[in-house]
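Visitor: I'd like a quick tour of how to read this one. Can you walk me through it?

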Amino acid sequence: MTRPVQRTGTFQLTGEAEGLALVFSQPLSFWGGIDAETGDITDHSHPGLGQNVAGKILVMPSGRGSSSSSSVLAEAIRRGTAPAGILLERPDPILAVGAIVAEFLYEIRMPLVVCDIAGIASGDGIAIGTGVDGRAIVTIQPAINPAVPRHS
Amino acid sequence: MTLELNARDRSMLDGEQGPSAAAAMKILVAFSNAVGADSLLDISGAHIDGCLFHGKAGLDFVERLVEGGGRVQVLTTLNVGSFDLIHPGMVKMPAAEEVPARRLMKAHLELGCQATFTCAPYQTRFRPSFGEQIAWGESNAIVFANSVIGARTNRYGDFIDLCCAMTGRAPAWGLHLSENRRGRILFELDVPDPEPSDSLFVGVGLIIGQASGDRIPVITGLPRPRDEDQLKALGAAAATTGAVALFHAVGVTPEASTLDEAFQGHAPDETIRISRADIGHALARLSGVPDGAPLAAVSLGTPHFSHQEWMRLLPLLREVAPGRRIPIYVNTGRATLTRLQEEGALAGMEAFGLIPVADTCTYVTSILERLDGVVMTNSGKWAHYAPGNIGVSVAFAEMKDCIRSAAVGYVVRSAS
């Protein structure tokens, strides 16, 4: 078994979560991109089309698109079709608002973390926790033998 | 990420001004951190695009703020809802949808918002003035406020517009700050002696929206508009094909008396020439319907028809006198409608097929009687969104051609 790797990050919304990574190099807009009833990716121009985000740790460089994505994320969190957590390279105001509103309304915390996402692959096990200083601790358990070189 | 908060901000955040203000401030702080603002600034007004019912989370949010005793802290207007509260019989909606749609509109009123229900708050007595800091939602209202009035707002949307209203604060970033309002991309309208037709303004709007990306566009060569409704149409089109929140038109808009002022002394990153043919192509893309196609309806007033536009439409209706009962829907603000009724201006107009619609818009809810034919509009925004939203075919034309077509029952357009 490969040793897990840990890195720190900044919380946009604090919380704990575990799940399998779903990694995209291209940002995904929740509005017009995800069906909040199912968690299915519906954006025909996105490589993730047809996959499902529910319960995953969604990993992508940034958010994208319309401010209506806040509503779609909040609605998905309410319905249980949202990712378990999201890792981003750059802070995203639209997703932060959606996640915080859902926490406020439904007391469901979907952690939103800004951290280095290099080297994370779809299928890796990800655990998001909180360090003593309040920073996010992201633990990555690679899914496969890293004989395949990874950037980190 | 060091967001500076003043004592009042902190007091809100700590819950000393109630749970609703605390929630709004918490969300505003997270948003401000995410956009990299250093501090918050005072706003004098807000416009909330939260009355269209999109799902339970949106309604739950407003209900929770109401339960927490929340009140907006600044003058706050409301965008259109999913329902025409003035003409309730007109909206074809199952009861299961109607109840939350109406409740969403009413819950906003309980927070102290004004019952404007218009996408054109700049046509009401609540219009802001030059230089005012505001937090507005609704893309056409945002671009109008920034460009035509010279008030200052970013593109606020879901939840965050209401959080600004509930706290009276907005992040000090983006278009709130003078240095970020300078032009970046130059569009030279290369049309000799252009007539200030409505189509010209729509066409220019469509083009700058498509080509600007996140850069602020500056237009030269634009003829002096007949009225601000033409700038409304330009901005609405630019915010439809793109994300334009502010444009400058040299010699026309208030922060662009000269090219140099519009660019704040800098050079444009890029210059694009717009020819008459470019305008023609942009407009042709809006309208796949050939002349002669049978007409189901006309829809005007997206964004909401101003009083001045009504004063152009009503004489035209009397003159052309369409008698085939083809419905001519006109979306307008309830305040404008009330004024027209007080003036007696609408008397007898139903005979020509006129159907005023208030509080909502014909492309966001089920109002049109027939969806199986061609609908004609003079709105670039309506022409862009209606096929996807309500499934109609659209013919775009000047207003007088829309009315002439209603009179003959099929699409006719003057050569232009």
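Visitor: Into which domains is chain B divided?

Guide: Domain bounds come from an automatic or database domain assignment. Here chain B splits into domain 1 (7-178), domain 2 (182-284) and domain 3 (295-408). Bear in mind that this is a predicted model, where local features need pLDDT of at least 70, side-chain atom pairs count only at pLDDT 80 or more, and totals for chains, interfaces and linings use all residues. Residues are numbered from 1 along each chain as its sequence is written, while chains are lettered from A and ligands numbered from 1 in the order in which they are written.

Visitor: How many residues of domain 1 of chain B are in contact with domain 3 of chain B?

Guide: Two residues are in contact if their C-beta atoms, placed from the backbone, lie within 7 Å. By that rule, 21 residues of domain 1 of chain B meet 18 residues of domain 3 of chain B. On the domain 1 side there are eleven nonpolar, eight polar and two charged residues. For these classes, Ala, Val, Leu, Ile, Met, Phe, Trp, Tyr, Cys and Pro count as nonpolar, Asp, Glu, Lys and Arg as charged, and the others, Gly among them, as polar. The C-alpha centres of these two domains of chain B are 28 Å apart.

Visitor: And how many residues does the contact take from chain B and from chain A?

Guide: Chain B gives 20 and chain A gives 18. Helices (H or I, at least four residues) are DSSP runs, numbered from the N terminus. On the chain B side, α2 (19-35) and α3 (56-67) are the elements giving two or more residues, and α2(B) has the largest share, with seven.
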